[in-house]
Amino acid sequence: MDRLSDCLSGRYPGHVSRRRRTAKTFGLALLLGTPLAWAQTQIDVYIESVPSLAIGVDTLGDHRPPQLGPHSGSHGSTIVVDAHGLLVVEREEGVVVRARKSHGEPVAELRLAPGLGEIIRDAGSNRVFVAERGGDRLLELTPGDAHGRGLGIRASVEIREPHGLALTPDGNTLLVTSVADHELVGVDLRDGELRIAWRVALAPEPRGVAVSPDGKRAIVGFLSMGAVALVRLPEHQAEPPRVRYRSLEPRDQLRLQVEEFEDFAETHSALVEPPSRFEVPSDTGRRSARNTFAVAFVGHGLAVAPHELATPQLTRKPQNTDTYGGGESFSPITHTLSMLGAETLDGAAATAPIEQATIAVHMPRALAYDLSRDTLYVGGYGDDAVEAIADVSQRTVHASWRIRVGQPDACGIDGLAVDGDSLWIHCEFGRELLRVELGTQEEVTFGSKLDVTRGPELTKPIRPPEVEHGAELFRRAGDSRLTLDGTLACAQCHPEGRSDGLSWRLEGAILQTPMLAGRLVGTAPYKWDGQDRDLATSLHATIGRLGGHPDRVSKSELRALRAYLESLPPPRPPTPSNADAIARGREVFESSEAACDACHEGSRLTDTHQHDFETALAQVDTPSLLGLAHSAPYYHDGSAVSIEALLANRTTIHDMADTQNLTPAQLADLGAYLESL
Amino acid sequence: MHTRKLVCLAVLLACHDGSMSPDPVTPSEPPPMLEQREIVALPGIALAPGGHRDNIVDIVPSPDASAALTVDRNGGVRLWTTLDGTREPLIVPIDDPHQLSLARSATGFVIETLDTIGGAEVYEVREHDGELRLDHRFSIPPTDPQFELHVLDGGERLLALGVDHRVRLLDAHGNELSSIAEHGFVPWQLRHVETEAGVTLVAILAGPTRVQPLELREDRLRIVGEALTLDLDRGPNRNDLALTPDGKHIAAFSRRKWRSGEWKLQLLALADGRETLIEGKFDSKERPRVHLLDGARMLLDDGTGVGRLISLDPAQRGAATTRPLPGSNVLTRLFTTVERGVRVVPDGEHFIVDRLDGDEHIRVGSKPAPMRSAGLSPDGSRVIWTLAHGWAVESLDGHTVQLTIHESNQAPLLFADFVDDDRMVVVSEAGAIELLDAETGSPLVRHDEPRTLVEARLARGESPMLLVRDGGSPQDLLLELGSEAINVRARVIPESSLIGPWYPAPTPGAWTSMMWARDSRFSTPPSEQLLEIELASALGREHANITDLATTPDGQRLFAVWSGSYMLVRTLPNTNTSVGNIEATRSHGNSGVARIAPSPKGDLLALVHFDGHVSVHDALTLERRWTRVDTHATALGWSQNGTRLVVAGTQGGSVLDATTGELELERRDLGLHVERNENQMPVSDSLQDDQLPNR
């Protein structure tokens, strides 16, 4: 009992993993750039109790354990398991590694373009596919044997910035999300070929995709949209896919309440009904779903989508002060698992029942489902925790437990896979595999130790150490130097260094999360009002605004963050659909009539000056326009929902440019040019 | 069905312009908007009746005030096809709507919903083969998010205001008929009224707040005239800024000072901008809801329960008469709607319909059915529900409720169950114990115990017995339920109340709790501490806290235990220990068990968990067969043949197939409940917080 109470109260060292060096030496395989011998270590990981999840209890799932689960390859990951071992994607390095099952030792690797998406395997045909995001290709691999012999590329097809992968149950179609083109692409795999069968438009920033066990539906997650796409897949060749969106954003809202004690008061957040439609409309307290990196199906045809719930506009009363960064007993961002059933009315996404519950992992980006246990594993990118949700497909309150694997070395979980009684975890930062021995369900006892093995490094990093360090700091949760009580992380609002598309209440203004990737080099000063003269100053200020302690962050850490941010490439523009229109649009952009380039000048498309737009900000820094197609909404307050609305002056900002005299054709060309940046 | 398919096909052909079925798009084309819309020739789904299970937080009546949509705190939506309480509400399968509107159409209803990210769905409800069915008409995806969507002309037209500030007129299938997307024209809200003369429409512009008249004529939208400037003391909203029902004026309500009773209503004629100012004062500091009743009157509702009917004739200078406003308080006033002189007010799981020209109102909703216990007939074909002030018997075939309400001077019921095929037993808190005829409900035998009872348990069999527990003394009473009389068989002093009450095993005469009295009915039980020490030792754990225990008819013992995790433990008795030999264990993670109920045959175990669910397990392996969530479950009962299980609690009860967990009968309420009350001026403004929206 003492151990349990200690564990529950946080005193028990369940999260303090102690590495026990039991180095083993293995023989050399066909490796390039990997050590001749490597260390496999046991780490002590303890099962922590986390709150049960009341999700799917009323309307979703079935009363009995599922007999059938999702098919092999129903969604992609960074790990696949086959008869010869594991194939692992090292995204940053652009490497696919063949690793052994025993302890995740690498035996061979295949070098591709840096910046990979997901990997997936069709168990029936043993075909393996990789999204080469940085190379604009979908690749079919020859998986090779247990020694990695034969690991190579069998076929490829061009898809712009592919990321998420999912196979239909018959293995005939591979679904691919295209980040740059905002599309879902259906690739016909029949006859051993890769042939693009159809494309359908999606909202910006699609990521993970999963296919239902019956092969009729797919679900797609997004970074900057508060919904998942529910895609009705074609049953016949001539039939187009149909896309509907199901909101993940709850109707009820957060409100801050002050609880007064004898000698102090504390502010809490509480859920309340939204205001009456007869009150003044307000975004205060509304919660927005963001960062749905991974989606999956579990038993009984249920889909799951872990994501964040952000409350960007809260007000602390009566002080009327900002709540950016949270404080006391509330956080502006929590983590949620959404569970969706099939639509009760064909074609109407609004009738897809949904239930949600808060989960105890930070920045969930990896999923794996174990049918034999009916258990879903959710991996936290920010806190290196894995939460197990038992009986997830059944109408019950789900017992849940958690392990943390990020000590002493940071992990950055970006992939999970279940293989019998083992759960494989892939760490982005260590570039290594962890194997968790799950045992039987009866053995899940809080405070008990799990057998967890940390495998050797799978490949060498290609990023400089400083950039690697910066990337780890950028995603790190639980560090009270960086944010208040460590509840937040930079990557929550800036996933992949991009933007969550939200507008936050901050310092008396409503400010949109800016895109960072590709927009920081040569664009100083920073912040929407240009108050920070350089990036170090800006990082210092942001950490302070988030409730962290910038003075406790070392200069080397700030340098690392800066190096990471400056290393991020700009988002890739969509495939040009009309080069002539883009060229004409550029002429308009640079014309004396529109004179856009008067401020958005040079290769970074900014004059690095500030301008007065009669807004809540005294002056507004000219933002770079790179990656504009991925950074809606627009203006510092997010008041322009689209480029079209911005150019038509249907926003709160009215003085930026005089586009009134442009013809509709000129406006369309200008829009095409802006989306191509 | 054939007819309907043909109709849909005909419409499809008539409207098909190539955009109904989206073609695959090429890269970088914008997401399809109108291309996504289509006529859905689908069968739709039948709308099942069912009331709310939580407080109503919003009511959206149809413009003719003959029907309404209601939203509860869980985001559930119900369609009330009448507001007079004559028809049960229908469950509409829409979750968590951000905005709803409803219109009565030529064939039924049109429902529009905006979700929380601005995506829109439009449905129609039509009668088909005697039932109302919901069909999907079209969607506007959230990639083209909307601020507002309004149903016009009985659903034949829809008016949309996009987050991109475009105003659009759509036809019934989502095709755009007209739009306003002028450069620099930035409407944030719309107001409209429909009169016989047509639609009056204005756009609300910001910075400063202005009202721009729009024209909707022959399916064309256009801006007309100059924007009118108004005085508002806060941001524009639907309370302070509204069109008069005759569509002639825009009315702006404001207060002179914050939380002051001095108010003014600025009426601007849309035709010529002429201003009329009406001013007044009242005592309340609460900002009133403003309901413009017609061109001549408005109603102010400040939540005191007293409404002010105020003339809009400037010559009368805001002269007011008062009227009771049933159901109004400072919170419900914010969710009250008045359409065509009918006030509709949320009131817990009910709502109030108050015709302003009448002297009475009705309160409509489902009558709740909190249950103390429930029992099944031996063959499981009938269930008896123990209600607070009555009992109800329901057949699983006919679904007919037979309800008997206690006399008002009797204490609440505590327990009711079937003794056998022919008799039921009913126990009141005041100690009245009655045997009733199972067919007619007529009393057969009565026994009165002069004590307050807190619990009752029944053991069926050839000599059925009832165990009742006294709340005032630690003495339990065992009663023999004879055909002629109810006799006291024994008085028992229980040794422990820590683990659970005395519990009848299914075998007649066998009772378990802290005792293992298969042969000797009242043997001395082992102490709880001894049991827990022995159990921990047998399990090899440091501790084992028993939360409940039971025995099966063949004598196996079952423990619900907390020992680092929640576990079920099955043992067989031996002579050496009180616990017995451990035969099987099964972990439940962090889901603790409050009660174990073995089936009469002993092959299944039903469990009530602390976290609000019920599960059934194989008694031998302890493996779970199924689970069902019932967060309010407090009582379990088996049919004697073991085929059915009844679960009851404060939110009703249900009968389940014991093998599969499938729902066979559910009783969450006792049907539609309509109260008709005279309107009375309030004597107290005290609020019943539990009946208010959660704000």
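Which element gives the most to the lining of the largest cavity? That is E27(A), with three residues.

A word on the basis. This is a predicted model, where local features need pLDDT of at least 70, side-chain atom pairs count only at pLDDT 80 or more, and totals for chains, interfaces and linings use all residues. Residues are numbered from 1 along each chain as its sequence is written, chains are lettered from A in the order in which they are written, and side-chain values use heavy atoms, leaving out hydrogens and water.

Back to the cavity. The largest one holds about 140 Å³; a cavity is a set of points on a 1 Å grid over the protein atoms alone where a 1.4 Å probe fits but cannot get out, and lining residues have an atom within 4 Å of a point. Of its 15 lining residues, those closest to the centre include Glu118(A), Phe293(A) and Arg365(A).

Next, salt bridges, meaning a side-chain nitrogen of Lys or Arg within 4 Å of a carboxyl oxygen of Asp or Glu.

One joins Arg199(A) to Glu183(A) at 3.1 Å, N to O. Arg199(A) sits in strand E15 and Glu183(A) in strand E14, so the pair ties together parts 16 residues apart in sequence; strands are DSSP runs (E, at least two residues), numbered from the N terminus. Both residues are buried, that is, under 20% relative accessible area with a 1.4 Å probe, protein chains only (exposed is over 50%, partly exposed in between).

Another crosses between chains: Asp58(B) to Arg277(A), 2.6 Å. Asp58(B) counts as buried at 15% relative accessibility, whereas Arg277(A), at 29%, is partly exposed.

Note on methods:
On a 1 Å grid over the protein atoms alone, a cavity is a set of points where a 1.4 Å probe fits but cannot get out, and a pocket is an open set with protein on both sides within 12 Å along at least five of seven lines; lining residues have an atom within 4 Å of a point. Grid points are joined across faces, edges and corners, and a volume is the space filled by probe spheres set on the points. Helices (H or I, at least four residues) and strands (E, at least two) are DSSP runs, numbered from the N terminus.
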